[in-house]
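The exercises below work through how parts of a protein model meet, each with a solution in steps. Please have the sequence and the structure open while reading.

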2 protein chains.
Amino acid sequence: MNYSRQREIIYSTLKENVVHPTAEYLYSVLKEKEPNISLATLYRNLNQMAEKGLIKKIDGLESASHYDHNTHEHYHFICKKCKRVFDISSDVAPQIVVKTEKETGFEIDSYDIVFSGLCKDCFEGIKEDK
Amino acid sequence: MNYSRQREIIYSTLKENVVHPTAEYLYSVLKEKEPNISLATLYRNLNQMAEKGLIKKIDGLESASHYDHNTHEHYHFICKKCKRVFDISSDVAPQIVVKTEKETGFEIDSYDIVFSGLCKDCFEGIKEDK
DNA sequence: CTCATAATTGATAATCATTCTCATTTTATA
DNA sequence: TATAAAATGAGAATGATTATCAATTATGAG
């Protein structure tokens, strides 16, 4: 993997943003720093970095994938109402992997947990913006 | 929800198939029993039935969604090599929900766990067909 | 430093899965 | 049985992502 300015900017933008952006949202932010960047370049680099384990691709949230610079063991919660994505940490989860591997004989190299429901704000009726 | 022959056939076809088909695959099977069925009808009904809880839509496996007639608590494993989807049952999983709800104050109404890796056959080098 | 090769880019076309539209048909019910 | 609501089939439209390809940029050997 050779150096590229675009990749650097994509990675740093993803890091600076606390959220879990979709490619589309990320693109709109990137355009400000790098007006000529192509959407294809963005997707290419997100896929590359996800493959190398530099970032994480989150599927199953919405029709579009979200991307996460946090590669530590954690999961996600999407609020059905405000559509915000929250990080969830769990120390129970790793047990599932060990147990499942033992029971099935499968080699699990990754897994993901996606929760959905209402976040605290929406649950309490305190509506916030998306 | 009114009765429709097409919905009945979609549901029974999904039940008869042990696998976790994509809409595309299901469509190819359906065509034999109901040659004039429209792809739109299939998607419409799959979504409807998933909403009613009659079936389950599985995302995060591949780019296309898979559908499952098994609505009992269980999870899925997709083999990176043969792409087959396996059921995984876990009694550890429910704990995660309780714990997460307590810690976050969120109202979790659904969650999904997707494992990926190599199934036993592929892991052992016994290559089988997709 | 300079060339050759490989990697990367931007622009845009193409693809894939899914949803939408709408005129027609079917179902439920008063 | 008439009527309203629900469902259908066909195909157009959409949204997200990937593929193509010529031009640009990075890298490494000499």
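**Exercise 1.** Find the residue of chain B that stands opposite Val114(A), and then describe the strand pairing to which this position belongs.

*Solution.* Val114(A) stands opposite Asp112(B), a residue of β5(B). The strands in question, β5(A) and β5(B), the latter spanning residues 107-118, pair in the antiparallel sense over 11 bridges. Here two strands count as paired if DSSP finds at least two bridges between them, and helices (H or I, at least four residues) and strands (E, at least two) are DSSP runs numbered from the N terminus.

Two conventions apply to this predicted model, in which local features need pLDDT of at least 70 and side-chain atom pairs count only at pLDDT 80 or more, while totals for chains, interfaces and linings use all residues. Residues are numbered from 1 along each chain as its sequence is written, chains are lettered from A and ligands numbered from 1 in the order in which they are written, and side-chain values use heavy atoms, with hydrogens and water left out.

**Exercise 2.** Characterise the interface between chain A and chain B by its contacts, its buried area and its polar interactions.

*Solution.* Begin with contact, meaning heavy atoms within 4.5 Å: 35 residues of chain A touch 35 residues of chain B. Next take the buried area, which is the accessible area (1.4 Å probe) that two parts lose on being put together, summed over both; for the two chains it comes to about 2,800 Å², with 64% on carbon and sulfur atoms.

Then turn to charge pairs, where a salt bridge is a side-chain nitrogen of Lys or Arg within 4 Å of a carboxyl oxygen of Asp or Glu. There are 4 salt bridges between the chains, among them the one that links Asp91(B) to Lys99(A), whose closest N and O atoms are 2.8 Å apart.

Finally, 12 residue pairs (both at pLDDT 80 or more) are in polar contact across the chains, a polar contact being a pair of N or O atoms within 3.5 Å in which, within protein, one must be able to donate a hydrogen and the other to accept it, and residues adjacent in sequence count only if both atoms are side-chain atoms. On the side of chain A that touches chain B, two or more residues each come from β4 (85-88), α4 (93-104), β5 (107-118) and α5 (120-123) of chain A, and β5(A) gives the most, with 12 residues.

**Exercise 3.** Within chain A, state where the domains lie and how they meet.

*Solution.* The domain assignment, whose bounds come from an automatic or database source, gives domain 1 (1-71) and domain 2 (72-130) of chain A. Their centres, taken over C-alpha atoms, are separated by 21 Å, and the contact takes 12 residues from domain 1 and 11 residues from domain 2. The two domains bury about 940 Å² between them, 54% of it on carbon and sulfur atoms. On the domain 1 side, His20(A), Leu61(A) and Asn70(A) lose the most area to domain 2, together 48% of what that side buries.
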